[in-house]
Amino acid sequence: MSALSPHELECLFDRLWPLPRSITGPGFRESLCILEELVPFVRHEHKTGSQVLDWRVPQEWHPRAAWIEGPDGQRHCDFAVNNLHLLGYSTPFRGELDLADLQAHLYSLPEQPDAIPYLTSYYAPRWGFCLSHREREQLPPGRYRIVIDSELSDGAVISAEAILPGDEPGEILFSSYLCHPSMANNELSGPLVLTSLYRALAARPSRRYTCRFVLGAETIGSICYLARVGDHLRKELRAGFVLTCCGDRGHLSYKRSRRGDCLADRAALLALRDRGCEHEVIPFTPALGSDERQFCSPGFDLPVGSLMRTMYTRFPEYHTSLDNKSFISFEHLADTVEAYLAVVEALEANRVWRNTCPFGEPQLGPRGLFRSLGSQKEVERRDTAMWWALNLADGQHDLLAMAARSGCAIADLAAICAELASAGLLVEEG
Amino acid sequence: MSALSPHELECLFDRLWPLPRSITGPGFRESLCILEELVPFVRHEHKTGSQVLDWRVPQEWHPRAAWIEGPDGQRHCDFAVNNLHLLGYSTPFRGELDLADLQAHLYSLPEQPDAIPYLTSYYAPRWGFCLSHREREQLPPGRYRIVIDSELSDGAVISAEAILPGDEPGEILFSSYLCHPSMANNELSGPLVLTSLYRALAARPSRRYTCRFVLGAETIGSICYLARVGDHLRKELRAGFVLTCCGDRGHLSYKRSRRGDCLADRAALLALRDRGCEHEVIPFTPALGSDERQFCSPGFDLPVGSLMRTMYTRFPEYHTSLDNKSFISFEHLADTVEAYLAVVEALEANRVWRNTCPFGEPQLGPRGLFRSLGSQKEVERRDTAMWWALNLADGQHDLLAMAARSGCAIADLAAICAELASAGLLVEEG
Amino acid sequence: MSALSPHELECLFDRLWPLPRSITGPGFRESLCILEELVPFVRHEHKTGSQVLDWRVPQEWHPRAAWIEGPDGQRHCDFAVNNLHLLGYSTPFRGELDLADLQAHLYSLPEQPDAIPYLTSYYAPRWGFCLSHREREQLPPGRYRIVIDSELSDGAVISAEAILPGDEPGEILFSSYLCHPSMANNELSGPLVLTSLYRALAARPSRRYTCRFVLGAETIGSICYLARVGDHLRKELRAGFVLTCCGDRGHLSYKRSRRGDCLADRAALLALRDRGCEHEVIPFTPALGSDERQFCSPGFDLPVGSLMRTMYTRFPEYHTSLDNKSFISFEHLADTVEAYLAVVEALEANRVWRNTCPFGEPQLGPRGLFRSLGSQKEVERRDTAMWWALNLADGQHDLLAMAARSGCAIADLAAICAELASAGLLVEEG
């Protein structure tokens, strides 16, 4: 058991891709079943109509079939062909309309004439079809027959949760959402990275912090989740991350938490620095975003950021049928998993040390702490980390603060701190 | 009653221009009479010889006539022609001097040969004449007759004050000075802007904060004013501004208060940002400045900055006869008034809100808080402000802090906060 | 008695240059004797084997003669010719080796083929010779006779200390080291600057702060010194400096203390600013440095920086025979002394003043505080300093903070503060 290979990610992707996911309903449940082959999720259900924080849980949506048939008998916007064709949460409808009247129910993107837009209407009852602008313009005038075989009925919003226990108090949260139908970067990439991360972390003999993996519906799902465990997270959460837009070919991006310099932010940004990869730092905004809008609402104000590749809304394929398999790369997906694992390493390594011999430098020679193995560059790198660790181990700097001030890699500092601790020169601050 | 139009400002300017103002005396009183047609100033008098803070109030100066007459009988430096010709506070003198001896009493600017300099000697008894260097160089040698018909006698320094009451505790101060003779930018522009501001704010049905408008003599006037109300201002003043150099054609400038980031500074700088106009930010200095040197003396340390156009000493016409009507523009004067009104808006809008529904985002749909009226850009701007307002309404951020962090316009935030408050989602922090 | 002239520095240099200094032994003692002609050092001895902080004092090293003789009878690496030829602290050895076996004891720099490297092995018993790579490559094959007439025996590490008492509590530390053999910038320059500084400061009728001058061995010397007076310094030290690399032709550099903005840092950086000379600011690092590594160890964390010219390791001549007399300039050495004296001036001038007349500006005319002597530029500079001093004398800003915020020179502020204090307008904050 370990992180999924690009090939494994692709196989998983291919199985999940066609399922008609939404914030509730069979597509969501079927997708979850597939992921449960890899992750032992526990499902928490929030019944339709129940109050969660300020929200009321909506009904479940069961889309079965939907299309429009033109005057020439040709079928358009067939849900069976592409589940983006049906406006999410469309109410059932059967009837006939002239094209002119039908237009009010059609959605397309004149500026991206080949793309089918992804649209939903979860809380305002509506029906509609999404199609490419090119197709829309070629619809012949006349009478159209509309079929939407869907059902809205009481059910539940599901939060799926898996927990890997840790050795010490404190938790790390990974949250993604499974409510988007056939789109690749936003948003099969998030559940795929979450699954792979779970596999990699579960494979370890132990973890410092308890890791929580949460998969649900965007917004209403995290509202439900916070209603249940928000108070717990306020006490226990050390760092959390929203996994979204993880698979495109762009460089990594990190959107800061509301606090702006919380542990999640510091660990993520230093891990990215140490990887030496180009990356962008995006300030927190509540005006555009995913579930961090809930986690970082002022009442919770949790230490939650988001490590992505190209952020939602910044790629033109966003929320259209062009966000498909060809838009993403499974190597990039796997790289995002690696980046998250590096962040976990940083969090696990982040201890506060105290130099037991703080008056002057300790005499290292008799303790056998000078190394000559390795290239001169390696020795210098190790020694640099050693001097910084001894100097900043004052009980005030955590390892990330040492890494930030010294410029030394987190891994180098962690290694030397362990060595110095073995030699009795550092002790962990109580 | 509202802000003065450029034409009204010009008419007022033309009436005030010729009067021989100084820190005391008839020119000051007559100028004040004209402004009192528009502003119900209350005059506070500080008698000659009385102690005000560390200062002693000087005598009043009554210049009546002054000139020098050359050996050829030609009259030079006639106070009746340009009141800058007479050194301010010149002691009376009648006598004859050779040109060589007269030179010690003449002041000109070799590097600006066409400009008459503006000079004064309030506290050291002296007499003298100011003239253009070109004229000075053409004075024929020989005997000159000097006439200075002036009088220094006990009287008073006058502070004129008008107060517009506000609904809540706290005050805003606007201070300018009326002691400069025939100069336009420095300094008829200040009293003109102050008058127009008074008219605009008085026209409102109500104001949040009490507004104080003060007009006096530079330095000694603000010393007198602070001696009387300084202790009150230390308790009540939220923000204050020195109005000077408000009429030239340059862009706006803001000189920070001594504190550097007080409410006056924050409101002024964000209002300027929101106007989208080019502007310069000038750090506080006590070494060069107007009455903010008194307001920002370390004992008072009041939240007082100065919103200007081109700052004193930075335009070559400064303190010369070239700072005249043609140097200023009444459109720019009116624009400065608008800028000050925008600052007042920012101050009035600056409340601290608390989100009543801070755990997760509130469900806005059922509350009818999503808007679709307006262009997509307008809707986006409103929604952006809404998300920021909800997120930062934690009882810690005032509206200006929200505006600074979010980049949203103060006006947009103020509007949405009012709307959210109506919906019960925000309450003002007590 | 005053600072040494470039010529005096050169004479002293020439006497010290040939002595075979190390961290202990006769070369160190003889060098100290020469400096004691100018500075009344008190010697503190730390006996071999005694525990100092975490360290144990090593034996004394007495090198008497050393060379290798080739198969052709030619003598190489003669210690009498250049004391860098013998690896510092080489154990005694007499014997014969083939060139191939001898190679393990030879040290050279292939990338600087004409330079003899400077190497030591204080704590690991070894013998060896340093030579230019060019000479090494020309050594003929065959049998070599090796002679190292040295002795390691119990003795002491010496810290030399001279103290100039001051009038007020608080101390300034100047520390350098005398343990390097024939090298000029690193490190005869440090003891030379320290000696000159002592002379200059001793010549003064009085000093504000007690000045301590310490000369010893790098690392072990400062460890010994801190073992003796570290606790005292933690209470009394206001600012300290490590003197090293003071004589090359490069511009000045300042390496900050661990604290980063302590009084030593602020005084040094503002003194450099006021000198108007190009200079570099180097952040603190414990990974590369001299005795500040001990002074700035986390237990002591003393306010100690280092004002240098070109920092160790940044000039290719560093720790080789190329760091010789021609590499340094005695004018630059004297300039470094001047820079240190400017820092002392800044420290001595650094008082906290309180304006006795803080409400409004004081009326300066009646107090005779306006000056007209001097050029307009001088008058303006003085007046600018005066306004800033009055404004910032709030009991919170020390003089260095005034200098930093105002941009005024420390000397100008100190002069005007003294004048304002004489006039009763400032009093020193108790």
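**View 1. R309(A) and D335(A) meet through their side chains in a salt bridge, 3.0 Å from N to O.** A salt bridge here is a side-chain nitrogen of Lys or Arg within 4 Å of a carboxyl oxygen of Asp or Glu. The two partners come from distant parts of the chain, 26 residues apart: R309(A) sits in the loop between strand 16 (304-308) and helix 9 (330-349) of chain A, and D335(A) in helix 9 of chain A itself. Helices (H or I, at least four residues) and strands (E, at least two) are DSSP runs, numbered from the N terminus. Buried or partly exposed? R309(A) counts as buried, at 5% relative accessibility, while D335(A), at 26%, counts as partly exposed. The cut-offs: buried is under 20% relative accessible area, exposed is over 50%, and partly exposed is in between (1.4 Å probe, protein chains only).

A word on what you're looking at: this is a predicted model, where local features need pLDDT of at least 70 and side-chain atom pairs count only at pLDDT 80 or more, while totals for chains, interfaces and linings use all residues. Residues are numbered from 1 along each chain as its sequence is written, chains are lettered from A and ligands numbered from 1 in the order in which they are written, and side-chain values use heavy atoms, with hydrogens and water left out.

**View 2. In chain B, D335(B) pairs with R275(B) in a salt bridge, 3.0 Å from N to O.** D335(B) belongs to helix 9 (residues 330-349) of chain B and R275(B) to helix 7 (residues 263-275) of chain B, so the bridge ties together parts 60 residues apart in sequence. D335(B) is partly exposed, with a relative accessible area of 25%, and R275(B) is partly exposed too, at 31%.

**View 3. Here a salt bridge joins R367(B) to D54(A), with the closest N and O atoms 2.6 Å apart.** This pair crosses between chains. On the chain B side, R367(B) lies in the loop between strand 17 (352-355) and helix 10 (376-392); on the chain A side, D54(A) lies in the loop between strand 2 (51-52) and strand 3 (55-56). R367(B) counts as partly exposed, at 33% relative accessibility, whereas D54(A), at 17%, counts as buried. Over all chains, the structure holds 108 salt bridges.

**View 4. Helix 5 (residues 189-202) of chain B crosses helix 9 of chain B at roughly 50°, their axes coming within 9 Å.** Axes are lines fitted to C-alpha atoms, for helices over the stretch in contact, and angles run from 0 to 180 degrees between N-to-C directions. That makes helix 5 of chain B oblique to helix 9 of chain B. Angles under 35 degrees count as roughly parallel, over 145 as roughly antiparallel, 65 to 115 as roughly perpendicular and the rest as oblique. Which residues make the contact (heavy atoms within 4.5 Å)? Helix 5 of chain B brings residues including L192(B), S196(B) and L197(B), and helix 9 of chain B brings others, among them V337(B), Y340(B) and V344(B).

**View 5. E171(B) lies in strand 11 (residues 171-177) of chain B.** E171(B) is buried, with a relative accessible area of 7%. Leaving out residues up to four places away in sequence, E171(B) touches several residues, including Y209(B), R212(B), H232(B) and R238(B).

**View 6. Chain A has twelve helices and 19 strands.** Its C-alpha atoms fill a box of roughly 95 × 45 × 35 Å, taken along the principal axes. Of the 430 residues in chain A, 59% are buried.

How values were computed. Contact = heavy atoms within 4.5 Å.
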